[in-house]
Amino acid sequence: MQGPGGGRRPPLVRQGSAASSGSQRRASILSGIHANRAASCRSQSTTSDGKAVERGSLVGNKYAIRVFDDVGKDVTPRPLFRSDPNNVVPRQGKLLASSAYFGARGSGFLSSFSMHQTSGVNASLGSFSRERNRIYVDICKNRPGNDRFVEKMMQTVNGAAKNKEVQCDKIIMEDKGMMVTSWDLYDSFNVSEIEPTSKAEGSRATTGKCSKSHTTKELDQTMSVSSDRGSTTSIMISESAILARNHKEEECHSEAILTSENFQQDLFFMERILMENIFQPKLAAYRQFPVLIDPDVTSDTSGTVAAVKAKQEEHNKEKKDKEEQKDAFIDPSTLSVLNKTPEEIVPPRLERLWSYVCDLTNGHSVSSMAWSKVNPDLLAVGYGAFDFKEQKKGLACCWSLKNPMWPERIFQCEHAVTALDFSMASPNLLAVGMYNGCVAIYNVRSCNDAALLDSSESSNKHTGPVWQLRWVEQDRDATEDGKKERLICISADGRITEWLIQKRLDCTDLMKIKRTESEKKKLPGEKERKSEALISQQAPGMCFDFHPKDTNFYLAGTEEGHIHQCSCSCNEQFLETYRGHKGPVYKVAWNPFSTDMFLSCSADWSIILWHRDSQTPILSFSSTTACVHDIMWSPKSAFIFAAANESRVEIWDLSVSTLNPVISCFASPRVKFTSVLFAENTDCLLVGDSQGEVSVFELQNLAAPNSNTVDTLHDIIGPAVAI
Amino acid sequence: AEVEETLKRIQAHKGVIATIVINAEGIPIRTTLDNSTTVQYAGLLHQLTMKARSTVRDIDPQNDLTFLRIRSKKHEIMVAPDKEYLLIVIQNPCE
């Protein structure tokens, strides 16, 4: 029991003043502390004593509390901070400095320490401790007979212990478990920046409507607090909280969902994915993915039926042939199968893959088709009737490969669309020519239906249907370098115009097609007539084509059946005139490989191959008694071209036969084929018909072109030229 | 309006069995199925989508789930998830 003073240990040296009670108190505390420590290391105990004294001085000056338990043991709580005795040296300096103002009592005592400190600061720790120990030992030795030490007892006042009971609210404990995921942490980190703003807005909204019922307000707050779904939800809920009923809240909410942009986009993607599912085998064939041959299925000539059969049989065999299924990147159950024996040569054929058709385009006749210059999967189709009698409102649609059932863009036009083309320099521009001579330019990027530019206000506009228009890249000479693109149209009023795209669409004439007299044999007996009384001096132009290599030259076909070769630099005269057709020339096309030859088709049921130097036809192809609406050379071979008669589409291969088409595909009875287009990146042919359907056909088993195509073409036509 | 059109077109496509739009709480907003089946699909797919999203984001928190396709023997379920809704289309792909 340490109660009255501490007689066990003599007090430490005190030089100078020290109030006895204070010092005694300190001593009692000191010894109390000391008693509880194992006296293993004397030096340590000294220093810890020193430390404890310091602490004790602090404690003593501040609290002067001592706690005894029932037994009487001193259980005064010691300060938790017990610094490492090794680290005592620097710490002591600081603590001494800071505690220097803790009462005058300690000052002298502490100052003694500081004196020691200054001497010992630069010394090593061990030496300081040793020094202190030595001093203490000396003190102890000097104590017994010394006059300076007086033993004194003191009674301390013990406060009476008292028990006090306190009652507090029950602390409710709850166990909560949580799955922490790395994204949760990431979100919480990021959301903490967004949350304050949304909460502020939410609370502002609720405070603004403080006349609401209590329940709805609560609902608001709970919802906004518990919403971790983003700020929009809480704002929307707080806005719609005017209506007290939950049902109405949900209605507004669902409306908001349905009209949100994300929803629209998701729908768009969903539609495309559905299309992919439906059309997957066809699209794979379009992309020319290799077909895996299933050895178990026998050959079948009709492609789609075979596909179905193959699928069914393969479904049964799927369990057996699992390894084969794994390495195919197309699901093999949807591929069409051909089983070829080596001796058999399969004839070339057109296989119908799918058609671009929808309700909107039903009934409109396809007049022209064009690929986009940058995206080979984007197709623009113009719908309009050729006949004067069947005129209705026209349509221009952009179809994407990814959605064959609904066009990406629909542009409604006042008049039938007769020609269209995509620009090369600005690939989002689509130029459309119409039956009333109007030329409009649409921006494909926007969903807007309105034309970007229209030529209706132009004073120079065409007075007859624009039968063809094209964006042509031309090398300008000397004045400007680099290729510029011009929009060139030909129309039934006999003018070939170049359109300038400025604020308003305006055009200049490139050429006026004058009527040329056809060479008629003058029958004997007929009087010579000076000239026929013509309604107009100009012949309606039907088509044109610029030379692929030298864009200064172009051909123009007219309604009279003549084809004129013209030059951009000369506005007045034709360079050459090719006569051979007896009806309007619907299309001319230069051969992309052998650039001295061109092809023309006309309403006189024939297709004629010309050489540019010869005024008479080289070869003439006629296979039907129907006018040929459209022809196109294949972009892959110099010999192959496609022609659309009214009732069928034909593929001619000049290396195989010049008399008969290689492939001939018949249309259904009421439908007439009106235009053809080859696909650039794949072996497919697009055929447009009078019912508004654009069918995609795959060209199968056509002869591959060989290297020296130009020479062989000349060889073929050689005999004809010689004659 | 465009949303309605697209939704109608999707519903009318070949092989599409059902189209369901549910909000973030799992309550169907638009559906072409009867109520009990819709609610069943809604609940199950909601949970699956959450799990799928959690998986994707656990691997990389900056990533997020954009589309979920479940191909089964009989049909294919396609789910376009979003923070506020879930667009579900059930299609029978092969004919």
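Modeller: Of the 95 residues in chain B, 43% count as buried, where buried means under 20% relative accessible area, exposed means over 50%, and partly exposed lies in between (1.4 Å probe, protein chains only). This is a predicted model, so local features are reported at pLDDT of at least 70 and side-chain atom pairs at pLDDT 80 or more, while totals for chains, interfaces and linings use all residues, and side-chain values rest on heavy atoms, with hydrogens and water left out. Residues are numbered from 1 along each chain as its sequence is written, and chains are lettered from A and ligands numbered from 1 in the order in which they are written.

Chain B holds two helices and five strands, which follow one another along the sequence as α-β-β-α-β-β-β; here helices (H or I, at least four residues) and strands (E, at least two) are DSSP runs numbered from the N terminus. Among its contacts between residues at least 6 apart in sequence, 38% join residues at least 24 apart, a contact being heavy atoms within 4.5 Å.

β1(B) is joined to β5(B), residues 85–91, by seven bridges, and the two run antiparallel; strands are said to pair if DSSP finds at least two bridges between them. Within that pairing, B:Val21 stands opposite B:Leu87. β1(B) also pairs in the antiparallel sense with β2(B), residues 28–31, over three bridges, and there B:Ile20 faces B:Thr31. β1(B) and β2(B) make a hairpin with four residues between them, and B:Gly26 in its turn has a positive phi of about 95°.

Helix α2(B), residues 35–59, has 25 residues and reaches 36 Å from its first C-alpha to its last, close to the 36 Å expected at 1.5 Å a residue, the expected span being 1.5 Å times one less than the number of residues. Its buried residues include B:Thr38, B:Tyr41, B:Ala42, B:Leu45, B:Thr49 and B:Ala52. An α-helix has 3.6 residues a turn, so residues three or four places apart point the same way.

In chain A, an open sheet of four strands has the order β18-β19-β20-β21, with antiparallel pairing. β18(A), residues 585–590, and β21(A), residues 619–621, stand at the edges with a single partner strand each, so one side of each has no neighbour in the sheet. From one strand to the next the twist averages 20°, with axes taken as lines fitted to C-alpha atoms (for helices over the stretch in contact) and angles running from 0 to 180 degrees between N-to-C directions. Five bridges join β18(A) to β19(A), residues 597–602, and the bridge partner of A:Trp590 in β19(A) is A:Phe598. In the loop between β19 and β20 (607–611) of chain A comes A:Trp605, whose phi is near 70°, a positive value in a residue other than glycine. A:Trp605 is partly exposed, at 43% relative accessible area.

Aromatic rings deserve a look as well: Phe, Tyr and Trp (its six-membered ring) pair if their centres lie within 6.5 Å, with planes under 30 degrees apart called stacked, over 60 edge-to-face and the rest tilted. Over all chains the count is 18 aromatic pairs. A:Trp354 and A:Tyr356 form an edge-to-face pair, 5.9 Å centre to centre with 85° between the planes; A:Trp354 is buried at 2% relative accessibility, and A:Tyr356 is buried, also with 2%. The rings of A:Phe641 and A:Trp652 have centres 6.1 Å apart and planes at 10°, so this pair is stacked. It links distant parts of the chain, with A:Phe641 in β23(A), residues 640–644, and A:Trp652 in β24(A), residues 648–653, eleven residues apart, and both residues are buried. Ring pairs also join A:Phe279, A:Tyr286, A:Trp354, A:Tyr356 and A:Trp399 into a cluster.

Lastly, A:Arg612 lies over the face of A:Phe553, 5.4 Å from the ring centre, where the rule asks for NZ of Lys or CZ of Arg within 6 Å of the ring centre and within 35 degrees of the ring normal.
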